[in-house]
Amino acid sequence: MVESVDMNTMTTAIDDEQRYQAAVSKDSRFDGVFFIAVTSTGIYCRPSCPAITPKRAHMRFYRSAAAAQDAGFRACKRCRPDASPGSPEWNIRADVVGRAMRLIADGVVDRDGVEGLAARLGYEQRQVRRLVTAELGAGPLAIARAQRAQTARVLTETTTLPVSEIAFAAGFTSVRQFNATIREVFAVTPTELREARGRRGQVPRARRRAAGRAVVGLGAGLDGGLGGGLSGLSDPAAPGLIRLRLPYRPPIDLDRMISFLGARAIPGVESVASGRYRRTLLLPNGTGIMSVGPGVPGDGPGYVGCELQLEDLRDLTAAVQRCRRLLDLDADPEAVTGYLAASGPVLGPLAAAGPGRRVPGHVDGSELALRAVLGQQVSVAAARRLGERLVAAYGKPLERPEGTLTHCFPTAETLAGADPAGLPMPRARATALTGLATALASGELSLDPGAERDRAEAQLLALPGIGPWTASYIRMRALSDPDAFLPSDVGVLDALARLGAVPGGSRARSSRAFRAAAELAEGWRPWRSYAVQHLWAYLEEKEDR
């Protein structure tokens, strides 16, 4: 193992010698963080590739799969480097490159080009190209191209769609461009890729019954897009349905994550049953339905099972990334747990006891923000009831409802035009809700994956009815900030009081308690969002006893 590397700073501190040691030790913590190319074979791999480690002289290291591909290397067919979890660095970083990588992963370059990416970042195209290339070894177009290639491979291997439809669904502008890219990246034609996958997909009948008709590994690839793993075909009885598996760095407390989401699930939009979380999605090209839960038995550890039913397959990339952000699948739990476990007697034992704790994100930043306003000063159950009434009145009905999933949550544009007096909530909160919706609908406020976190928080606090708790909660879940803290949160204060860290009883809601909580949390940077989850989970466990 590479003991000397601080996983909190990761690639900003690691050098090529340490990367080599990671490859020698097959250290899976670095999968997706960097890629190893082998000059003697012309392939690139993940650090944990099970193949014999090449000679040091034959190894080259790249920060992105796109950079390795640009240098003429193709993906290893054994370790599938594109099926690695995404680098946790891009979730941590709030600079231009970090924001750009999150937007590229969400498909912005495919939809709007580098011009659209630069506009969202507030920089000139030339500056964005220069900054991204300097860090990743490849520009935004090359990174998006690598992502399109992986999306195309997933569709080729998991559906029976004609190749021409796959090409455009994956984001290519022509079938010719699609064919050339597949040959260059994978060293096979699309037809050969489908035939080879079909041969490898002949698994025992019992396994097929257990696993379903379509199972495919899908990498986070903030730099390399979607990836492949096991084989399968999409279910012909459910058009647009793709079953896949999402890799993560173990461990993960998936049960607690789904329980957290289930407690806040709005009927009509979300549901939890049989250990799976399901919800509707409003995507760039249409609607969809997602379902996530434990992986299929036999797939091995390190994967979350996922099903997507999409109106438009061009939304596959965006849908997968939103599922990953929802479950915080690009996190490095060993780094977070190691840091918080050593932080002192208050949080240390909680972190050590819950090493798989993650921060639930959301599939849509605007929706999360609007729901945060609904939840102000009311219980979780009351917020759910408000959300249900809001969805019934203003939500978008699905053309093809699926069981209890019937609507998408109302858009900011719809709520911006609503009369506050007609909303099912107190007038002050209704005014805050429509004011927030107006800011989101106008584009004045952005809560997409590339949003500038500090600026977004300042804009939120400037809106009527939005206070520090709401802004921090939005920052934690909508913007996936690993270092947001809620010192005035009732649950946080109750947990800290029970742990003897802040005044208890009637004084637990005092400004003194707030200050004590905030001061204590300074020692938990840069992982305060995870600290909040540990405190909430501790309180839940105490109340369940």
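A: Rings of Phe, Tyr and Trp (its six-membered ring) pair if their centres lie within 6.5 Å, and planes under 30 degrees apart count as stacked, over 60 as edge-to-face and the rest as tilted. By that rule the structure holds 9 aromatic pairs. Before we look at them, note that this is a predicted model, in which local features need pLDDT of at least 70 and side-chain atom pairs count only at pLDDT 80 or more, whereas totals for chains, interfaces and linings use all residues. Residues are numbered from 1 along each chain as its sequence is written, and side-chain values use heavy atoms, with hydrogens and water left out.

Q: What are the distance and the angle between the planes for Phe34 and Phe61?

A: A pair of aromatic rings is described by the distance of the centres and the angle of the planes. Phe34 and Phe61 are edge-to-face, at 6.1 Å centre to centre and with 75 degrees between the planes. This pair links distant parts of the chain, 27 residues apart, since Phe34 sits in the loop between helix H1 (16-24) and strand E1 (35-38) and Phe61 belongs to strand E3 (residues 59-62). Helices (H or I, at least four residues) and strands (E, at least two) are DSSP runs, numbered from the N terminus. Phe34 is buried at a relative accessible area of 0%, and Phe61 is buried at 15%, where buried means under 20% relative accessible area, exposed over 50% and partly exposed in between (1.4 Å probe, protein chains only). Phe30, Phe34 and Phe61 form one aromatic cluster.

Q: How many residues apart are Trp469 and Tyr473 in helix H21?

A: Trp469 and Tyr473 are 4 residues apart in helix H21 (residues 468-477), which means that about one helical turn separates them. Their rings are stacked, with 5.0 Å from centre to centre and 10 degrees between the planes. Trp469 is partly exposed at 23% relative accessible area, whereas Tyr473, at 8%, counts as buried.

Q: In what order do the strands of the sheet with E3 and E1 lie?

A: Strands of a sheet pair through backbone hydrogen bonds, either parallel or antiparallel. Here two strands pair if DSSP finds at least two bridges between them. The open sheet of 4 strands runs E3-E1-E2-E4, with mixed pairing. E3 and strand E4 (74-75) are its edges, each with a single partner strand, so one side of each has no neighbour in the sheet. E1 and E3 run antiparallel and are joined by 4 bridges, and Val38 stands opposite Met59 in E3. H1 lies across E1 and E3, at about 105 degrees to E3; such axes are lines fitted to C-alpha atoms, for helices over the stretch in contact, and angles run from 0 to 180 degrees between N-to-C directions.

Q: Which strands are the edges of the sheet with 5 strands?

A: In this open sheet, whose order is E5-E9-E8-E7-E6 with antiparallel pairing, the edges are strand E5 (241-247) and strand E6 (270-273), each of which pairs on one side only. The twist averages 25 degrees from one strand to the next. Between E5 and strand E9 (residues 303-310), which run antiparallel, there are 7 bridges, and Arg243 has Glu307 in E9 as its bridge partner. Helix H13 (residues 316-327) lies across E5, strand E7 (276-283), strand E8 (286-294) and E9, at about 140 degrees to E9.

Q: Which residues does Arg325 touch, leaving aside its neighbours within four places in sequence?

A: Contact means heavy atoms within 4.5 Å. Arg325, which is placed in helix H13, is in contact with Asp106, Gly361, His362, Val363, Pro449 and Ser480 once those neighbours are set aside. Arg325 is buried, at a relative accessible area of 19%.
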